[in-house]
Amino acid sequence: MGKPEIGVYLPQMGFTYEQMLHRARRCEDLGVDSLWLYDHLFGPGVPDYPSLEAWTLATALLANTERIRIGHMVLCNQFRHPAVLAKMATTLDQICAGRLQLGLGSGSIEDEHRRVGLPWESFRERSERLGETLEIVTQAFTDERIDFRGKHFTVSDFPVKPGPVQQPRPPIVVGGVGEKYTLPLVARYADVWNVPTYALGELEHKVSVLRSICEDIGRDPSTILLSVEAVMALAPDDASLPEVRRLAERRFGVPAFGLDEGGLVGTPPVIVDRIGELQSLGFGQIVLFTHDRASDETLDLLASEVIARL
């Protein structure tokens, strides 16, 4: 099967820039393939908790690393006009010499929209907007020009130069599992499909649905990299596992994090075996929350005892 891509998902809530940069550089030095941020205007449910803005932070991290790929899981489509986003993405891909991964989603937190006066529309309408953004960004990456007239956005003969460094384009990541709206967008536009933690109990079914949609529109499903996001509670030995599990349950115990369904709780051999199971389902990218928010000790253990065994 080959080695899967291993990423670390590190929502920046509560971290200083120096702490985020330290973790990004540790991941890079240890051979982690990618680092992922979240895109919220404030921490969901904790609006007064410090949280750095997503695109600014990604730009700074990419400018101060050399090899690791960085993206967002996922950008909220409501926050940035798609033509401006396309220009931002091509510029950042130039700055980082082709290490940007462009994750996009339809938006998930009503509260942050309400507080800043952004419309919070139905999921269908937000999905329509996301579809138009994906078309606009695809044109920008492919043609270095946007000419689009849709229901929500109109962009007329708009140049996007310089284009991206990555060819044929920076990977477009679409997250979500909605069968009516999201998976058809994945099938049409995505290079990478990311399954969020809340759907870890439905992996086989969702993969089957996506493959069926791809067949309906004539796309080879093997051209989409399957990515899964999951909490990993990694313990160095059996003696320390109960405490690691307790911490993971305290931080990630709510059902939406899929701690049990993900199956990534244990010592390194358990984690390696579970990653192998995910690979057998077709997942070539594994993006991990760590139970202790990417401490040096856990990143070292991930690199030496998990990634090295893959």
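So, strand S9, residues 192-195, pairs in the parallel sense with strand S10 over four bridges. Two terms there: strands are DSSP runs of E with at least two residues, helices are runs of H or I with at least four, both numbered from the N terminus, and two strands pair if DSSP finds at least two bridges between them. Before I go on, this is a predicted model, where local features need pLDDT of at least 70 and side-chain atom pairs count only at pLDDT 80 or more, while totals for chains, interfaces and linings use all residues. Residues are numbered from 1 along each chain as its sequence is written, and side-chain values use heavy atoms, with hydrogens and water left out.

Okay, back to S10, which covers residues 225-234. Ala-233 stands opposite Val-265 of S11. And how many of the ten residues of S10 are buried? Nine, so to speak mostly covered. Buried here is under 20% relative accessible area, exposed is over 50%, and partly exposed is in between, with a 1.4 Å probe and protein chains only.

Now strand S2, residues 34-37, which is covered on both faces. In a regular strand the side chains alternate between the two faces of the sheet. Here Ser-34 and Trp-36 sit on one side, Leu-35 and Leu-37 on the other, and all are buried. S2 pairs with strand S1, residues 5-9, over three bridges in the parallel sense, and Tyr-9 has Trp-36 as its bridge partner.

For an antiparallel example, take strands S6, residues 145-149, and S7, residues 154-159, with four bridges between them. A hairpin of four residues joins S6 to S7, and Arg-149 is bridged to Thr-154 in S7.

On to the helices. The axes of H2, residues 54-63, and H3, residues 82-95, come within 10 Å and cross at roughly 15°. That makes H2 roughly parallel to H3. For the geometry, axes are lines fitted to C-alpha atoms, for helices over the stretch in contact, and angles run from 0 to 180 degrees between N-to-C directions. Angles under 35 degrees count as roughly parallel, over 145 as roughly antiparallel, 65 to 115 as roughly perpendicular, and the rest as oblique. Which residues make the contact? From H2 we have Trp-55, Thr-59, Leu-62 and Ala-63, and from H3 Leu-85, Met-88, Ala-89, Leu-92 and Ile-95. Contact means heavy atoms within 4.5 Å. By class, that's eight nonpolar, one polar and no charged. Nonpolar means Ala, Val, Leu, Ile, Met, Phe, Trp, Tyr, Cys and Pro, charged means Asp, Glu, Lys and Arg, and the others, Gly among them, are polar.

H5, residues 123-143, and H6, residues 182-189, pack at about 5° with their axes 10 Å apart. H5 and H6 are therefore roughly parallel to each other. Among the contact residues are Leu-130, Gly-131 and Glu-135 of H5, and Leu-185 and Arg-188 of H6. This contact has five nonpolar, four polar and two charged residues.

Last one: Arg-115, in helix H4, residues 110-116. Buried or exposed? Exposed, because its relative accessibility is 53%. Leaving out residues up to four places away in sequence, Arg-115 touches Phe-42 and Pro-47.
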